[in-house]
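Dear colleague,

Please find below the structure that I promised to hand over, followed by my notes on what was found in it.

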Amino acid sequence: MKDKTVLDTFAMDFVRIAEKHAKYAIVSGFVAIAHGRSRGTEDVDIIIERISRSEFAKMHEDLEKNGFDCIQSSYPNELYEEYLSKGTGIRYVREGMHIPEMELRLSKDSLDDYQLETRKKLPFTGLGLYFSSIEMNIAFKEELLRSEKDMEDARHLRIVYEGKINEAEIEKIKRMIRRLRLR
Amino acid sequence: MRDKTHTQQIERWARFVRDNPRKVWKGEQGPLIDSQISMANRFYSRLEKVLGGKEKIRRLRRLGKGPHVPPAST
């Protein structure tokens, strides 16, 4: 039996390059999938700390050198000015492939900074990656995203981590979401 | 809106994941994840080869992700 899925390997290969250039956290759907949630996805989402244009150019060149193409453009200055600096994500795929995609964006506010600050390696996943915390993922899915799929992801995480979840932390993050993202 | 049995299935599977070693649930979940990616890639590759296929792929992605997708260009 394979120990890693295509998504696992894709995320690990990408992070191996990206982490040389910036602090990161994997967020959103892949967090639930890495915890066994049985559903499909076409992308993995990653937040990185706010880095400069020149630092990003180095990261981008390193990713290209290692077989990752950016869908939007191959020009790092354009990617930084037209997308990242405006809070929009950019998408990388393996050269010649359509999916999976890695959606990368810069931290855009104190909530994203907090996601990076409280990132964790989660042994349950068997992957050596940094994820945003379980409490963070549940709070985002229940308070901000709220689609059927997101609510199911949150339910899955709540069951997998039953008895180990910090509800006060979830409430704190939900208050931050209301203040920073739902005004 | 999905019915109650769907929610029950989500919860049953989550308990299975919680209560079993990783290699057990991964053995069931992994092939599903891999086949979804593989089937989607095969679909996109076929679509890419038909007339207007590349534009359709761009439109499909735009539908899925809104402003994250770049403007269509050749």
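Leaving aside its neighbours within four places in sequence, A:Leu7 is in contact with residues of both chains in this predicted model: from chain A these are A:Phe30, A:Ile33, A:Val44 and A:Pro100, and from chain B they are B:Ile33 and B:Ile37. A:Leu7 also belongs to the largest nonpolar core, which holds 55 residues, and in that core A:Leu7 and A:Ile26 are the two that touch the most other members. Helix α1(A) supplies six residues, the largest share of this core.

As for the contact between the two chains, 30 residues of chain A and 26 residues of chain B take part in it. On the side of chain A that touches chain B, the elements giving two or more residues are α1 (6-18) and α7 (148-160), and of these it is α7(A) that gives the most, with six residues.

On the α7(A) side the contact is made by A:Glu152, A:Arg155, A:His156, A:Ile159 and A:Val160, while α1(B) contributes B:Ile10, B:Glu11, B:Ala14, B:Arg15, B:Val17 and B:Arg18. Taken together, the residues of this contact between α7(A) and α1(B) divide into five nonpolar, one polar and five charged.

Chain B itself has three helices and zero strands, so that its elements run α-α-α from the N terminus on. Of its 74 residues, 14% count as buried.

Returning to chain A, the buried residues of helix α6 (residues 134-145) are A:Ile134, A:Glu135, A:Met136, A:Asn137, A:Ile138, A:Ala139, A:Phe140 and A:Lys141, a list that includes the charged residues A:Glu135 and A:Lys141. These buried residues of α6(A) pack against α2 (29-34), α5 (110-117), α7 and α8 (167-180) of chain A; α7(A), then, is a packing partner of α6(A) and also gives residues to the side of chain A that touches chain B. Just after α6(A), A:Arg146 takes a positive phi of about 60 degrees.

With best regards

Conventions
Residues are numbered from 1 along each chain as its sequence is written. Chains are lettered from A and ligands numbered from 1 in the order in which they are written. This is a predicted model: local features need pLDDT of at least 70, side-chain atom pairs count only at pLDDT 80 or more; totals for chains, interfaces and linings use all residues. Two residues are in contact if their C-beta atoms, placed from the backbone, lie within 7 Å. Helices (H or I, at least four residues) and strands (E, at least two) are DSSP runs, numbered from the N terminus. A residue is buried if 20 or more other C-beta atoms lie within 10 Å of its own, exposed if 12 or fewer, and partly exposed in between; C-beta atoms are placed from the backbone. A nonpolar core is a set of buried Ala, Val, Leu, Ile, Met, Phe, Trp, Tyr and Cys residues joined through C-beta atoms within 7 Å.
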